[in-house]
Amino acid sequence: MASLQRRLDEFKKSFESGAPPYNAPREAIEIMHRATTELKATGIEGRALKVGEHAPGFALFNQDHVQISSADLLNQGPLVVSFFRGHW
Amino acid sequence: MELEALQEIYSDVRALGAQIIVITPELERYTRALHKKYNLGFDILTDLHLKVAEEFRLVFTLPDYLRDLYKSFGSTLDRFNDEPEYRLPVPARYIIDKTGTIRAADVNADYTIRTEPAETLRQLRMLSAAAN
């Protein structure tokens with residue numbers, strides 16, 4: 001299986017080519033680039049919680065509507081937390 | 001792609017005594033479908049109105065012009081996330097140790113750039129070696 005970044009790069013290349021299956025218009029691609037540049041310029045990456053800081057605890061519902069708490073998970077060992085914008 | 005890549009390292013992560021959790025603002029009816037589609041071993045948690053993402057200081061608001069573009073693609077965040085303000089988390093992957101301290105933080109405003117799961121696994125191995 002190719003690395004995650006290679007898969008992302010291939011997707012990006014295909015999307016930004018404007019060809020099928022995505023048929024992305026040039027203007028749309030430029031808008032997306034502008035948004036990423038502007039978001040970076042806000043300094044959000046530097047403001048986010050960093051190594052050495054204490055992670056806030058949480059208790060949220062999973063896909064089966066079972067509440068999962070970070071405290072319970074951390075009692076068992078280290079935790080990888082991935083923030084994901086969604087499937088769309 | 002992030003979900004599939006995390007699933008690929010999931011058994012190795014478990015073997016190290018660690019867990020994976022994905023946090024998204026999406027409503028449960030969508031996370032349920034996503035979980036099923038990729039047959040994930042780990043949970044996807046719904047962070048309604050980005051309360052947790054806010055505490056990690058990862059939240060931004062989509063600019064109007066991008067909101068309009070996504071709408072033209074037929075994608076409506078307010079429906080998926082019950083998020084009329086069109087806020088989202090920047091993609092981020094953290095490793096948190098048993099004491100609650102952040103040991104690795106990868107935050108990238110460009111959602112086409114992600115840390116390799118193999119790198120996350122390497123960091124977890126180091127953490128686990130240091131703990132023993």
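Q: What share of the 132 residues in chain B counts as buried?
A: The model is predicted, and in it buried residues make up 38% of the 132 residues in chain B. The cut-off for this class is 20 or more other C-beta atoms within 10 Å.

Q: Why is Leu50(B) called buried?
A: Leu50(B) has 22 other C-beta atoms within 10 Å, and burial requires 20 or more; therefore Leu50(B) is buried. This residue lies in the loop between β2 and α3 of chain B. Its phi is positive, about 55°, although Leu50(B) is not a glycine.

Q: What makes His65(A) exposed?
A: Around His65(A) there are 10 other C-beta atoms within 10 Å. Exposure is assigned at 12 or fewer, so His65(A) is exposed. The residue belongs to the loop between β1 and β2 of chain A, and its phi, near 60°, is positive in a residue other than glycine.

Q: Why is the bond between Pro20(A) and Pro21(A) called cis?
A: Omega of this peptide bond is about 5°, and the bond is cis. Pro21(A) is placed in the loop between α1 and α2 of chain A.

Q: How do you know what span is expected of α2(A)?
A: The expected span is 1.5 Å times one less than the number of residues. With its 16 residues, α2(A) is expected to span 22 Å, and the 23 Å from its first C-alpha to its last is close to that value. After this helix comes Gly43(A), with a positive phi near 80°.

Q: What makes up the contact between chain A and chain B?
A: On chain A 49 residues are in contact with 70 residues of chain B. Among the elements of chain A that give two or more residues to this side are α1, α2 and β3. The most, 7 residues, come from α2(A). Sorted by class, the side of chain A that touches chain B consists of 26 nonpolar, 14 polar and 9 charged residues.

Q: Why are β3(A) and β1(B) said to pair?
A: Pairing requires at least two bridges, and β3(A) and β1(B) have 5 bridges, in the parallel sense; therefore these strands pair. In this arrangement Phe83(A) is opposite Ile23(B). Ile23(B) also touches residues of both chains, including Leu60(A), Val81(A), Leu45(B) and Ala53(B).

Q: What makes β5(B) and β6(B) a pair, and in which sense do they run?
A: The two strands are joined by 5 bridges and run antiparallel. Ala92(B) is the residue opposite Val107(B). β5(B) and β6(B) form a hairpin with 5 residues between them, and in the turn Gly100(B) has a positive phi of about 90°.

Q: Which residues have the most contacts inside the largest nonpolar core?
A: They are Ile21(B), Ile23(B), Ala53(B), Leu58(B), Ala92(B) and Tyr94(B), in a core of 39 residues. Elements that each supply at least two residues of this core include β3 of chain A and β1, β5 and β6 of chain B. α1(B) gives the most, with 5 residues.

Q: How do you know what confidence the predictor has in chain B?
A: The mean pLDDT of chain B is 89, and 95% of its residues reach 70 or more. For the model, ipTM is 0.91 and pTM is 0.88.

Technical notes:
Residues are numbered from 1 along each chain as its sequence is written. Chains are lettered from A and ligands numbered from 1 in the order in which they are written. This is a predicted model: local features need pLDDT of at least 70, side-chain atom pairs count only at pLDDT 80 or more; totals for chains, interfaces and linings use all residues. Two residues are in contact if their C-beta atoms, placed from the backbone, lie within 7 Å. Helices (H or I, at least four residues) and strands (E, at least two) are DSSP runs, numbered from the N terminus. Ala, Val, Leu, Ile, Met, Phe, Trp, Tyr, Cys and Pro count as nonpolar, Asp, Glu, Lys and Arg as charged, and the others, Gly among them, as polar. A nonpolar core is a set of buried Ala, Val, Leu, Ile, Met, Phe, Trp, Tyr and Cys residues joined through C-beta atoms within 7 Å. pLDDT is the predictor's confidence in each residue, from 0 to 100. Lists of a residue's contacts leave out its neighbours within four places in sequence.
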